[in-house]
Amino acid sequence: MAGGGGTEAFPDLGEHCQNPDCKLLDFLPFTCDGCKLVFCLEHRSYKSHNCPKSDQGSRTVSICETCSLAIETTGFDEEGIKSLLEKHERSGNCDPNKKKKPICPVKRCREVLTFANNLTCKDCGVKFCLKHRFPTDHVCNKKTITTAGTSSRWNERFMEALSLRNEKGCGRGSSVSSRSPPSVRSF
């Protein structure tokens with residue numbers, strides 16, 4: 001058989017796993033982006049084939065000890081990282097007061113906001129924890145206008161219908177002559 005894999009009938013089809021203990025003929029092989037060798041499904045991860053270049057293309061970050069800002073240091077050696085941190089300290093952006101982590105602005109909520117546990121409200125533009133991410137879960141000032149105002153009108157009509165349903169037993173067989181504002185409150 002010639003080449004790296006295949007069968008006698010189809011010599012260009014598939015390749016053998018380059019793990020010395022495997023050598024499986026795989027018709028859908030994986031090429032490692034670190035060492036550029038071909039592996040089967042079982043040996044495709046860096047760890048399973050002990051890839052010597054597994055950190056190639058990885059990003060590295062250093063944390064400023066003064067303000068806790070993350071600074072990307074990919075591709076820099078020890079001296080380069082030191083100079084980047086010194087440059088950051090001299091830039092004026094390094095403020096020890098920034099070291100305090102932001103918390104959710106909802107009253108009595110002490111959730112620290114990280115990159116993974118916060119969302120920005122579409123209506124008021126403020127960052128909240130996941131528990132208070134919806135406008136009904138926080139006191140929303142609605143500084144921005146939703147697209148054509150349709151969403152807020154729909155919410156108002158829904159809340160009104162919900163309050164009428166609770167007051168009149170689903171509103172069956174009774175007509176409502178005066179339209180009162182919804183009695184549902186959110187905090």
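## Basis of the description

A residue is called buried when its relative accessible area is under 20%, exposed when that area is over 50%, and partly exposed in between, with a 1.4 Å probe and protein chains only. By this rule H88 is buried, with a relative accessible area of 9%.

This is a predicted model, in which local features need pLDDT of at least 70 and side-chain atom pairs count only at pLDDT 80 or more, while totals for chains, interfaces and linings use all residues. Residues are numbered from 1 along each chain as its sequence is written, and side-chain values use heavy atoms, with hydrogens and water left out.

## Overall architecture

The protein has two helices and eight strands, arranged from the N terminus in the order β-β-β-β-β-β-α-β-β-α; helices (H or I, at least four residues) and strands (E, at least two) are DSSP runs, numbered from the N terminus. Buried residues account for 22% of the 187 residues.

With a contact taken as heavy atoms within 4.5 Å, 12% of the contacts between residues at least 6 apart in sequence join residues at least 24 apart.

## Confidence

The predictor's confidence in each residue, pLDDT, runs from 0 to 100; the protein averages 78, and 78% of the residues score at least 70. Among the elements, confidence is lowest in helix α2 (residues 150–168), at a mean of 71, and highest in strand β4 (residues 38–39), at 94.

Two stretches call for particular caution. Over residues 144–148 pLDDT stays under 50, and the model has seven contacts beyond four places in sequence for them; over residues 173–177 pLDDT also stays under 50, with two such contacts.

A nonpolar core is a set of buried Ala, Val, Leu, Ile, Met, Phe, Trp, Tyr and Cys residues joined through side-chain atoms within 4.5 Å. The largest one has nine residues in all, namely C104, V106, C109, L113, C121, C124, F128, C129 and C140. Leaving aside residues up to four places away in sequence, C109 touches I103, C104, C129 and H132. A second, separate core of six residues includes C17, F39, C40 and C51.

H88 is found in helix α1 (residues 78–90), and, again not counting residues up to four places away in sequence, H88 touches C64, C67, L69, I71, N93 and C94.

F10, L13, F27 and L28 make a nonpolar surface patch of about 460 Å². Such patches consist of residues with over 30% relative accessible area and no salt bridge, with nonpolar side chains (Val, Leu, Ile, Met, Phe, Trp, Tyr) joined within 5 Å and like charges within 9 Å; a salt bridge is a side-chain nitrogen of Lys or Arg within 4 Å of a carboxyl oxygen of Asp or Glu.

L13 lies in the segment before β1 (15–16) and is partly exposed, at 41% relative accessible area. G14 lies in the segment before β1 as well, but counts as buried at 17% relative accessibility. The C-alpha atoms of G14 and L24, ten residues apart along the chain, are separated by 10.0 Å.

## Positive phi angles

Most residues other than glycine have a negative phi. K23, in the loop between β1 and β2 (25–26), has a positive phi near 55°. R108, in the loop between α1 and β7 (118–120), has a positive phi near 70° and is exposed, with a relative accessible area of 72%.

How values were computed. Accessible areas come from the Shrake-Rupley method with a 1.4 Å probe; for residues, only the protein chains shown count as cover.
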